[in-house]
Amino acid sequence: MSPESSSVTETAVEAATERRLNMIEAINEALDIMLARDPDVIIMGEDVGYFGGVFRATAGLQAKHGKTRVFDTPISECGIIGVAVGMGAYGLRPVPEIQFADYIYPGLDQLISEAARLRYRSAGDYIAPLTVRSPFGGGIFGGQTHSQSPEALFTHVSGLKTVIPSTPHDAKGLLIAAIEDNDPVIFFEPKRIYNGPFSGFYDKPVEPWKKHPDSIVPEGYYRIPLGKARTVREGEAMTILAYGTMVHVVEAVAREKGVDAEILDLRTLVPLDIEAIEASVEKTGRCMIVHEATRTSGFGAELSALVTERCFYHLEAPVERVTGFDTPYPHSLEWAYFPGPVRIGEAIDKLLSE
Amino acid sequence: MAEEAQPANLAASGGKANRPALALHVPEPKYRPGDTVDFSDIDIGKAGAQPRPDESAHPSEMGELAYSLIRVLGEDNQAHGPWNPRLDADTLRAMLGHMAMVRAFDERMFRGQRQGKTSFYMKCTGEEATSIAPAMALASDDMVFPSYRQQGILIARGYPLIEMINQIYSNKADKLKGRQLPIMYSSREHSFFSISGNLATQCPQAVGWAMASACRGDSRIAASWVGEGSTAEGDFHSACTFAAVYNAPVILNVVNNQWAISSFSGFAGAERTTFAARGLGYGIAALRVDGNDALACYAAAQWAANRARGNHGPTLIEYFTYRAEGHSTSDDPSGYRSAQEREEWPLGDPVMRLKNHLIASGEWDEERQAAMDLACAEKVKETTKEAEKNGILGHGLHHPFHTMFEDVYEELPWHLEEQAEQAIRERITKFGSERPFG
């Protein structure tokens, strides 16, 4: 990413007014801005048109930008992504929505074998500049088909980028950068935090975004470069690597326990900000990785391997992974599955005791 | 249908009380190796007998055309009926020339693979008309999303032979940088989409391209090709749904060549109905065409192109033809089908039929045909030699090593840069230099 884009971001943040948005509003605004700026951008997906999406992310966009820019599709993820690949070959910049990440699997062949490979196999003749938006993650009593976190599948595919925002401010800037990116981007939106940051203490009252500093969203266009992590909190005792909903959970747990943790919000899994990770782990000497997805072959395994390979002589303890269990996401036992404060707290104690 | 399989283990059907036992039907082709072939049961109809509806006709008004065969060239080698595209003799000779060239090219490339010059090749023998004639009926900037057996489109669009051979050899001049299996061409300049090895993925992509063209008020249309076997893929059905829903200006071509490697068309549903009939369920205009009749192929594609261009929507065309050779250089059809099928195929050979039509029209003769075949063979031979100067597969004349890591993303991320350094290091360890062959 160019240095200009980072400075644009910083300037925009400094110039920000006290306008506060939740994550849905921030995403809607990013889409609105890109539809207005770039006539090649089109939005399609199940229920995204007149109705504005089941989570309201596209509310009002069809009325404002027209039916051929924002429209409903048949219930066919294979078709949605396949059609988007063809539109990309024509020269459009499609932003398809997959209603739940759990529904994305019928479109995998079009994503993995087509969108991700097109630039390579045609030696740059054709590209697939898609941004596939999809709500993911649990904590909303969605059961096994509305709660999954399948990000690791996509990070395993060469040619795809995987982006996961954790705040309204980042959601807007990252989504704009994703849409402008000429590679296919999977943009997973942590739906548990659409309306407010989630501490993981599910029995406590939900905080709305308006009390959170990162709900201040500048008006107009700005982008946050893909591949740059965000330091949520500086600290000395340990490094915690997280993304999406878990950023807020680990922040709350660290605060609760009074641990001086350095928390990195990865924001982009591929390409990964390895420099930020290395710098932090070399400083703290301890590393914990937290994700909601299942454990085996989860993205935490990749992070753990990278930290071990690259920071081994700075480590004072083995890398800790805190994840969801290797089961389908259960409905009634959702909070037993979720890597909440107890599991994270236990891992923090273990990491500090070694 | 053949004899039905009986449950092997009656105990497994325990608890059925007095209900009849179910039986699973597993399709079986009529002829296996060594069998005498009799295709007299295939109803090919009569050339010129099929009506030609208006290009804006509602699919329900033309349902019969999904079950019969549109044919133009008769047994008398004359063109008959309303589907006769009335092409002038120069166009017909050009068409015949493309077909002769494809055949000569296939012959030489197949041999090249057997000589170890490349890993793989696929002929389209017997199916030449199904790509060349539609390519000629489309405008040169209409976008095509081919499958792997439409080399005829590139030949008809004037794509340089040497580029095709460079790609097949994966040599240092290969525009795809040696990344793709032979014959998986791509040429944006020729409005020819990058071929995928995953089947039917191109169908929804063609629909998406056509939707984009319509979104933009463009006048270009899209066309995809898929084999009858891969119409079983979900992608094909997604494509039909989207094409119908958005009235996309697209032509969905199904090349029914009877065989998907060793699986006959019955495994894609041909025992029940035609492939063209798939279109009717979606409300898509459907034509079933004699795929060995270049004039009928041209006329059907022209009808569908006019329909799409007039905003009357998509068309599904089934080209009923026969795969005269193996699936690929890795296939041996003598292991699963009767060799007589090719000889007995009731619709003949597309090159012979077009040639005989031109001769019957007084526009061609055997001497000119022989000279043309020879010229094609010579041209392919010369071009092959030229391409071999750029290298053949596995002989070191490939693209620079670093290109392996390029184009995965627009910009090289750190992890690929690290892996590229490792690959080059391995190379130097092994050969003492990054490019031992210069």
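In the predicted model, Glu318(B) pairs with Arg288(B) in a salt bridge, with 3.4 Å between the closest N and O atoms; a salt bridge here is a side-chain nitrogen of Lys or Arg within 4 Å of a carboxyl oxygen of Asp or Glu. Because Glu318(B) lies in strand S7 (residues 315–320) of chain B and Arg288(B) in strand S6 (residues 285–290) of chain B, the pair ties together parts that are 30 residues apart in sequence. Helices (H or I, at least four residues) and strands (E, at least two) are DSSP runs, numbered from the N terminus. Glu318(B) and Arg288(B) are both buried, where buried means under 20% relative accessible area, exposed over 50% and partly exposed in between (1.4 Å probe, protein chains only). Side chains of opposite charge can pair when their charged atoms come close.

Residues are numbered from 1 along each chain as its sequence is written, while chains are lettered from A and ligands numbered from 1 in the order in which they are written. This is a predicted model in which local features need pLDDT of at least 70, side-chain atom pairs count only at pLDDT 80 or more, and totals for chains, interfaces and linings use all residues, with side-chain values using heavy atoms and leaving out hydrogens and water.

Over all chains, the count comes to 51 salt bridges. One of them joins Arg119(A) and Asp183(A), with the closest N and O atoms 3.1 Å apart. This pair links distant parts of the chain, 64 residues apart: Arg119(A) sits in helix H6 (residues 118–121) of chain A, and Asp183(A) in the loop between H8 and strand S6 (185–190) of chain A. Arg119(A) is buried at a relative accessible area of 12%, and Asp183(A) is also buried, at 2%. Another salt bridge brings together the side chains of Glu189(A) and Arg133(A) (2.5 Å, N to O). Glu189(A) belongs to strand S6 of chain A and Arg133(A) to strand S4 (residues 131–136) of chain A, so this pair ties together parts 56 residues apart in sequence. Here, too, both Glu189(A) and Arg133(A) are buried.

Attention now turns to the two domains of chain A. Domain 1 covers 18–193 and domain 2 covers 227–353, with bounds that come from an automatic or database domain assignment. Their C-alpha centres lie 26 Å apart. The contact takes 26 residues from domain 1 of chain A and 24 residues from domain 2 of chain A, contact meaning heavy atoms within 4.5 Å. Together the two domains bury about 2000 Å², 59% of it on carbon and sulfur atoms; buried area is the accessible area (1.4 Å probe) that two parts lose on being put together, summed over both. On the side of domain 1, Phe141(A), Ile164(A) and Ser166(A) lose the most area to domain 2, together 25% of what that side buries. Two salt bridges are counted between the domains. The side chains of Asp170(A) and Arg230(A) also meet in a salt bridge (3.4 Å, N to O).

Chain B gives 48 residues to the contact and chain A gives 47. About 3800 Å² is buried between chain B and chain A, 58% of it on carbon and sulfur atoms. In chain B, the residues that lose the most area to chain A are Arg188(B), Tyr409(B) and Trp414(B), together 18% of what that side buries. Two salt bridges are counted between chain B and chain A, and the side chains of Arg310(A) and Glu418(B) meet in a salt bridge (2.5 Å, N to O). Helix H5 (202–215), helix H6 (234–245) and helix H12 (414–431) of chain B each give two or more residues to the side that touches chain A. The largest share of that side, nine residues, comes from H5(B).

Finally, helix H4 (residues 161–169) of chain B is mostly covered, with eight of its nine residues buried. Among the buried residues of H4(B) are Leu161(B), Met164(B) and Tyr169(B). Their cover includes helix H1 (89–114), helix H3 (151–156) and helix H11 (366–388) of chain B. Just after H4(B), Ser170(B) takes a positive phi of about 50°.
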